[in-house]
Structure formats: structure tokens, C-alpha cells
Amino acid sequence: MEETRTAIVTGAGQGIGRAIALRLASDGFNVVINDVNQERADSVSQEIQQLGKKSLAVKADVSNREEVFGLVSRTHEAFGSVDVMVSNAGIAQVKPLLEVSTEELERIFNVNVFGVLYGIQAAAEQMKKQGSGKIISACSIAGYKGFSLLGVYSATKFAVRGLTQAAAQELAPFGITVNAYCPGIVGTQMWEHIDEKMAEYMDLNRGEAFKQFSEGIALGRPEEPEDVAQFVSYLASSDSNYMTGQSIMIDGGVVFS
């Protein structure tokens, strides 16, 4: 009988992270749910347990290196391995570049870039001992194209692509692959925030910015969290064993590269 594998999903209390966690559970993984909100993490963990799978909810801030290493350590203690690390946690910022403060710049880089690097570091430390593992990080279509009013967010996602490429080369000798997924216009709370803020700058009604962006999707509909989760399922599976260093667009046809 094949041994059950274990995955960590950061920022899994809602949105894309929740969808990824539920999909990996349905794929047979033990899933550790991480979020900065313990209540949200507990709720998703309970959903997974109701599916008959094992799950653990761990509150941790991905911008804190010690807490990320603690997350990986708790996962190993609970389940004996860390086979897949999904660094999904991220935040958005809608603001003209000329108005961005030092504090705002530090906050988004701490979560979106530092958090991804800490996830790579902590997971790799354990995976090197195991001789294998898959590290998967959240990038974005904004990691291939800088978007107006999302300039700093775009910069963080360009950084994730760079980290993914470098880490893939450094960790390949240890049997560890490193890839990223690049969602587009997804119906989540993050996009509700983006829509609300863009509406202020673009003199639009609420919902109109999301609608305008969605109209440019080739497949004709906004993305759903489950669309992303299906692709992450592939990255977490043995089917992707020969892929590393890639940041793949899963956006329904918005940005073409």
C-alpha cells in the first residue's frame, strides 16, 4: 500500500488556498492548513477531516521566518514527512507607485516574497533529509506583466519567478522540484479588495473593475479557485516529476508568454 503523503498549504483559510487544500485532501494527502487566522484554519481543517482525511490547523505568519520553520517542524512531528509545500499566502496592494510608502512596501514584500523564500528554506531543510519533495509557490499573471495600480504587487510576483528559477537549480541535486502557479482574475476576497480599490482610482462602481478585467479572458469567464487547485494538484503529483523552475500561467487566457 502506498504511503500517504503530507502537504502544507499556507494562507489556506479561504479562497485559492482553501480550494487547494481541499483538492489535495481529495487526492489523498494529509493536509496541514496554515493561516494567520486560527478560526479560518480550523474551519478548513474540519472540512478535510469530514472528508475522512487527516488534517492539522497551524496558525503562523509567513513573514516570520521562525514561525514558518515551526510550521514545517510541527508538520513533520504530526505526520512524519513534508512531501509538498504550497506557499500560497499573499496579499495585494492597489496604489499608484508614486504614493507607496516604505511601510506599505515592506508589508507586501514581507508576505509575498519573504514568505515564499522562508517556505522554500524551511521545506527544503526537511525535504533534503527525505531525499525528495515538491515546493510550489503562488505567482500571478502579474509576475509576467506589470499592471497599473498593481505595480508593487507585480514586483513581488516577478520576484517569486526569480526565486523559483534559482531554487529549482539549487535544490535539484536533492530530488526537490520547485515550481509556481500564476492565476489571473479569480473570484476571491483578494479580488474583491482589488476591485474596491481600483473602483476608487478609476471612478467606477463596485464590481465594474472586476468585470472589465474579466472581459479580457479568452475562455469567457472569471477564474474560480478550483481552476487553480486543479493545476496545483498536477504540480503536487508524480505527473509533474520532470518539471522544475517553471511559473505556469493558469488564467483562462489573459496574458500570453
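Author: What follows treats the fold, the surface and the salt bridges. This is a predicted model, in which local features need pLDDT of at least 70 and side-chain atom pairs count only at pLDDT 80 or more, while totals for chains, interfaces and linings use all residues. Residues are numbered from 1 along each chain as its sequence is written, and side-chain values use heavy atoms, with hydrogens and water left out.

Reader: What radius of gyration does the protein chain have, and what would a compact globule have?

Author: The radius of gyration is taken over C-alpha atoms, and the globule rule is 2.2 Å times the number of residues to the power 0.38. For 257 residues the rule gives a value near 18 Å, and the protein chain agrees, with 18 Å.

Reader: How much of the protein chain counts as buried?

Author: Buried means under 20% relative accessible area, exposed over 50%, and partly exposed in between, with a 1.4 Å probe and protein chains only. Of the 257 residues, 50% count as buried.

Reader: How many salt bridges does the structure hold?

Author: A salt bridge is a side-chain nitrogen of Lys or Arg within 4 Å of a carboxyl oxygen of Asp or Glu. The structure holds six, including one between R206 and E196, whose closest N and O atoms are 3.6 Å apart. R206 is exposed, at 64% relative accessible area, whereas E196 is partly exposed, at 31%. Another salt bridge joins K95 and E104 at 2.6 Å, N to O, and E104 is partly exposed, at 26%.
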